[in-house]
Every structure is written in C-alpha cells, then in structure tokens.
Amino acid sequence: NPSTLGGAVSLLNATNIALRNFIFAGWVTVTDSQDVTLVGTVTDDSINVTVQGAVENLSVDGGQGSDAVTLNMEASSAGVTAADSGSSAGDSLTVNTTAANEQVTVTAAAVSVGEAQTINTGGIESQTINTGAGDDTLTVDNSDGQIQSQITYAGGAGYDVLNVVGDGASSGSYTPAPGQPDSGAMTVGAAAIQFTGVEPTT
C-alpha cells in the first residue's frame, strides 16, 4: 500500500534520492539537487513540485491512473523529466513560470523555459502553461514532430505573445473568443491550443 507524505517536503543539495509509491499531500521543493525521482501510486495522483537553484535530472512520474503534475519553475537551470508511465488517459502537466519576462517553447518532446530550463515530456495528454506577470512569449513548435497533447496558455499580466509553428503538412485553424480579443483557440494537426491573456498571435 502507498504511504502518504502529509506535509511539505524540502530537498536541498540532495543527490540520488528516490521517493516511489507515495501520495504527495503537500508541495515538494527541490533546490540545488541532482538525480531526484518522485513517483506516484497506481491511483490518480497530484504531484506539486517547486524547482529552485540548479537542478539536474529531476524525474516526476505520476505512475498509473489519471495524474496531475504541477511544476513551479523558479530555477536558474534545470533538467526535468515529467513523463507519465501509466497507461491511463487524462494525465496533465502544469508549468508555472516566474514574474520575469519568459520565453517558453513547447515541442512534441519537451517544454523549455528560457535557455537553461528544460522539461522532457511523455505520456501527457494536456499541458497548461501559466506565465504570470511579465512580457512573455509562448512558442508552440511542431516543426520537429507533431504535438499530440492539448495545450492551454494563460499569459497573465503584461504583454504576452503566442507563436505557433506548423510542421509544413498539417492544416490549422484559428477561432477568436467572442468579445475577448486576447483569447481564443487554435489547432495545428492534432495539437489543440486554448489561450487567454494574449496580445498578438502569429
């Protein structure tokens, strides 16, 4: 049977730490650490992680069930894998960035925040990108492979931009939200994108 970690968990300067088959009831903060593995249970899990400092090889896996992983990306550099190994549909990833001006890119294989933070993805059916305050840009790039997941982009405050790059073969569509010039929906092949708080869309 799984065990429950009932409060907040802080991993500072940790190396080669694996927490498997746990119910993570509170936030896990990983700071200046490497080779850290967090794995959920066979049921539906929510795993919330704040990434700070320099973090290498952090793996977050919901396991079986329909799981929700949330990452607060506050690191100076990070190598993260958020790949769900279970067979159930309905797995989601939420990426929250800082109040700085952020450049975020979503591809079929990863989410990149700036040049120094990379989140490798797999087995995820939906992704939410919250960029908060700041003048932010989200690029959804299908040029190296068709994105299969649904994407929700919340630009937040500031001047926020959405760029969508196709694969050169798939068709696309754009539907503005009625009466809401900063919101709408786009599709490129199998990728469906919902967005709010966005100024120009290209």
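## Aromatic pairs and parallel strands

Two aromatic pairs are found in the structure, which is a predicted model. One of them is formed by Phe22 and Phe24. The other brings together the rings of Tyr174 and Phe195.

**Phe22 and Phe24**

- The ring centres of Phe22 and Phe24 are 6.2 Å apart, and the angle between their planes is 50°.
- This pair is classed as tilted.
- Phe22 and Phe24 are both buried.

**Tyr174 and Phe195**

- The rings of Tyr174 and Phe195 have planes at 15° and centres 6.3 Å apart, so this pair is stacked.
- Planes under 30 degrees apart count as stacked.
- Tyr174 belongs to strand β17 (residues 172-177) and Phe195 to strand β19 (residues 191-196).
- Phe195 has a relative accessible area of 3%, so Phe195 is buried.
- Tyr174 has a relative accessible area of 45%, so Tyr174 is partly exposed.
- The cut-offs behind these two labels are under 20% for buried and over 50% for exposed, with partly exposed in between.

- Strand β15 spans residues 150-154 and has a covered face and an uncovered one.
- Ile151 and Tyr153 make up the covered face.
- Gln150, Thr152 and Ala154 make up the uncovered face.
- Strand β13 (residues 126-130) runs parallel to β15, and five bridges join the two.
- On the covered face of β15, Tyr153 stands opposite Ile129.
- β15 also pairs with β19 in the parallel sense, over five bridges.
- Thr152, from the uncovered face of β15, stands opposite Gln194 in β19.

**Strand β8 and its partners**

- Strand β8 (residues 68-83) runs parallel to strand β7 (residues 46-61), and 13 bridges join them.
- Across these two strands, Thr81 in β8 stands opposite Ser59.
- β8 pairs with strand β9 (residues 92-96) in the parallel sense, through five bridges.
- Leu71 has Val95 in β9 as its bridge partner.
- β8 pairs with strand β12 (residues 117-122) as well, again in the parallel sense, over six bridges.
- The bridge partner of Gly79 in β12 is Thr118.

Terms used
Residues are numbered from 1 along each chain as its sequence is written. This is a predicted model: local features need pLDDT of at least 70, side-chain atom pairs count only at pLDDT 80 or more; totals for chains, interfaces and linings use all residues. Side-chain values use heavy atoms; hydrogens and water are left out. Two strands pair if DSSP finds at least two bridges between them. Helices (H or I, at least four residues) and strands (E, at least two) are DSSP runs, numbered from the N terminus. Rings of Phe, Tyr and Trp (its six-membered ring) pair if their centres lie within 6.5 Å; planes under 30 degrees apart count as stacked, over 60 as edge-to-face and the rest as tilted. Buried means under 20% relative accessible area, exposed over 50%, partly exposed in between (1.4 Å probe, protein chains only).
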